[in-house]
Amino acid sequence: MSDDLDALERRIDLLRAQVRTAARAREAALARELRGQLRKAERAWDTLVSAPPQVAARPGEQEGRVAVPVRERVHRALTLLGVPAAGRLVVSVHDAFFAETAAQLAAHHAEA
């Protein structure tokens with residue numbers, strides 16, 4: 001991701017310089033086109049920066065799937081429940097609402 005960000009930042013810097021040059025030369029059509037490209041590059045940069053980090057898949061997980069920390073899973077489930085609850089209920093609620101597949105749900109309950 002860092003290489004992609006670096007490349008986008010270089011592209012954004014270049015486009016900004018080109019927009020300034022076109023504006024100084026009073027080339028409105030070119031400046032407008034370059035500003036459109038600049039906005040597109042900035043949106044791509046925003047998307048890369050705000051994307052959740054990819055984690056290596058553990059055995060049995062899908063490749064490239066982002067692992068949600070346990071704390072976040074508990075928070076999600078407790079938010080849905082709205083009250084303190086036992087661990088087993090928290091796990092069941094989280095799995096019911098946020099599980100990827102039925103197979104993962106079944107495998108988890110077999111362990112519990």
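Which residues in H2 are buried? They are Ala-31, Leu-34, Leu-38 and Ala-41. Keep in mind as you look that this is a predicted model.

Let's stay with helix H2 for a moment, which runs over residues 28-50. Part of the cover over the buried residues of H2 comes from helix H1 (2-24). You can see this at Leu-34, which touches Leu-15, Gln-18, Val-19 and Ala-22, leaving aside residues up to four places away in sequence.

The largest nonpolar core has 9 residues in all: Leu-8, Ile-12, Leu-15, Val-19, Ala-22, Ala-31, Leu-34, Leu-38 and Ala-41. H1 and H2 are the elements that give two or more residues to this core, and H1 gives the most, with 5 residues.

Now move along the chain to another pair of helices. The axes of helix H3 (residues 70-81) and helix H4 (residues 87-98) come within 9 Å and cross at roughly 90°. Because angles of 65 to 115 degrees count as roughly perpendicular, H3 is roughly perpendicular to H4. On the H3 side, the contact is made by Arg-73, Val-74, Arg-76, Ala-77, Leu-78, Leu-80 and Leu-81; H4 brings Leu-89, Val-90, Val-93, His-94, Phe-97 and Phe-98. By type, the residues of this contact of H3 with H4 divide into 10 nonpolar, 1 polar and 2 charged.

Key
Residues numbered from 1 in each chain as written. Predicted model: local features only at pLDDT ≥ 70, side-chain atom pairs only at ≥ 80, totals over all residues. Heavy atoms only, no water. Helix = DSSP H or I, 4+ residues; strand = E, 2+ residues; numbered from the N terminus. Expected span 1.5 Å × (residues − 1). Buried < 20%, exposed > 50% of the residue type's maximum accessible area, 1.4 Å probe, protein only. Contact = heavy atoms within 4.5 Å. Axes fitted to C-alpha atoms, helices over the stretch in contact; angles between N-to-C directions. Parallel < 35°, antiparallel > 145°, perpendicular 65-115°, else oblique. Nonpolar A, V, L, I, M, F, W, Y, C, P; charged D, E, K, R; others polar. Core = buried A, V, L, I, M, F, W, Y, C linked by side-chain atoms within 4.5 Å.
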